[in-house]
Amino acid sequence: MSMKLPSYFLHPTRKSRENEMLKCSIWWCGIGKVYYYANARPAITVPPNRISRALKLNPTQKQQQTVFRFTCRRNFSVTAMEEEASTKQHNSSSLYGFLSKKPYDPPSWASHLNPIPSHIFSLGHVPTPIHKWNLPNLPNNTEVWLKRDDLSGMQLSGNKVRKLEFLLAEAVAQGADCIITIGGIQSNHARATAVAAKYLDLDCYLILRTSKVLVDKDPGLTGNLLVERLVGAHIDLVSKEEYAKTGSLALTNLLKEKLISEGRKPYVIPVGGSNSLGTWGYIEAVREIEQQLQTGNGKAEFDDIVVACGSGGTTAGLAIGSWLSELKAKVRAFSVCDDPDYFYEYVQGLLDGLQAGVSSRDIVDIKNAKGLGYAMNTPEELKFVKEVAQTTGVVLDPVYRKKDLAFHHEISLFFLLSECIGHVFSGKAAHGMMKDMAENPMKWAGRKILFIHTGGLLGLFDKTAEMASLVGNWREMDVPESTLRKDGSGKMF
């Protein structure tokens, strides 16, 4: 049929191209493709009824065919992501790649896993950099390098972003209009989920675990909570005691049923985003590491990959990815909240969900680094955080466990942070690694280690009062009376 392109499909400066769009078929869809003619590149304004139109030119009119993929949103104008129709490459250097939804092509070495995700959202700023971490007191000829997944974005930083790229793609595909997840009161995962959901015009409901005495009080605006509340996340508080007795699955299901009864379409993301689908986030990260090594100077490889294990998904993805790929690094995970046996079993469940056909105990070494459990921070613990930043420039998060104080000073220097369930940071893993190096130096001597920094900077802001006395380093500048002064010399930029 012959028709004119509706004006709301065109950028105001592109209306002159309206007549070029002739003999177009039209259909309705939530996620669509637009084939356009003669390099016409209109911005797309999605109609307020959340159903967007897509146009497809008659094949005879395709001079230069390009595919537009976009997500419909209420009252929101989006510029489509541009991608050549003839290519299926995963990595796009397109200006519009961020927040786009793309078909997912797994690494060739993971193509036998099942199920394979159909799509992925581009949420993180990847690839994240890898650089040498100049830690003192390492065993002879040992190198430690950092994979900076804490730099995958500001609001969306950390390892959770990689999992959310797959989880939210499935949520959108299922027609969800809101997301439910659960974690600790300063959960990095909860914060990342809240931000990512809002990027995609989805409401977010967070179940956050806190102390019994605070469960009926305003949780405040510190750290991750500030970001969550700024983006409009709905927060339900539950006491640690209730959480322990009821469990995360039952709590999220209660909220899910409530929202369904209100006519909503919720999609539930488990603790830490750790299920078999989320595991693909770090399978994909292994491909990224491989590509970075291939493009580096000379032949580069790692003997070990060290990571925190708090919900299991990151560990599972790294382990199966390294085992299947050419990376072949030994994955060493340090559990920060449960015992290794629990995580071997949990990781096994994630692997079985992918039909990986391998035992978790064969592809990952999990050691206990949880300490005695939650505890109030001591001045010594927070001093270690300051020393790590001052020594290496890498800013980490506060520690939650007293047992770590038992180790000598050169180990405590690397006292990083972590809290289990919902915000697993790299601290316990780094501390566990340094402890093991001190106790078994020959085991690590001469090895090249890649440490995965999983993020969590915003949690540090919850400890500003306790850290104030540790970061003095300020004074009023002494400007001698003899200094020449003239009004207007200094511009107040």
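Predicted model: local features only at pLDDT ≥ 70, side-chain atom pairs only at ≥ 80, totals over all residues.
**Entry 1: Ala319**

I then looked up where Ala319 sits, and it belongs to helix H7, which covers residues 313-324. Buried or exposed, I wondered about Ala319? Ala319 has a relative accessible area of 1%, and because the cut-off for buried is under 20%, I noted Ala319 as buried. I also checked Tyr282, which is 37 residues away from Ala319 along the chain; the two C-alpha atoms are separated by 8.8 Å.

**Entry 2: the sheet**

Next I traced the strand order. I read an open sheet of six strands, E10-E11-E19-E16-E17-E18, and its pairing is mixed. Which strands stand at the edges? They are E10 and E18 (364-368); each has a single partner strand, so one side of each is left without a neighbour in the sheet.

**Entry 3: strand E11 and its partners**

I reminded myself that strands of a sheet pair through backbone hydrogen bonds, either parallel or antiparallel. How does E11 run against E10? Strand E10 (residues 130-132) and strand E11 (residues 143-148) run antiparallel, joined by three bridges. I wrote down two of the facing residues here: Ile130 stands opposite Lys147, and Lys132 stands opposite Trp145.

Turning to E19 (residues 448-453), I counted six bridges to E11, and this pair runs parallel. Lys147 turned up again, standing opposite Ile452 in E19.

**Entry 4: Val144**

To finish, I picked a residue of strand E11, Val144. Its relative accessibility is 1%, so I listed Val144 as buried. What does Val144 touch, leaving out residues up to four places away in sequence? I found Lys132, Trp133, Leu135, Leu138, Met433, Met437, Ile449 and Phe451. Of these, Lys132 was already in my notes as the residue opposite Trp145.

How values were computed:
Residues numbered from 1 in each chain as written. Heavy atoms only, no water. Pairing = 2+ DSSP bridges. Helix = DSSP H or I, 4+ residues; strand = E, 2+ residues; numbered from the N terminus. Buried < 20%, exposed > 50% of the residue type's maximum accessible area, 1.4 Å probe, protein only. Contact = heavy atoms within 4.5 Å.
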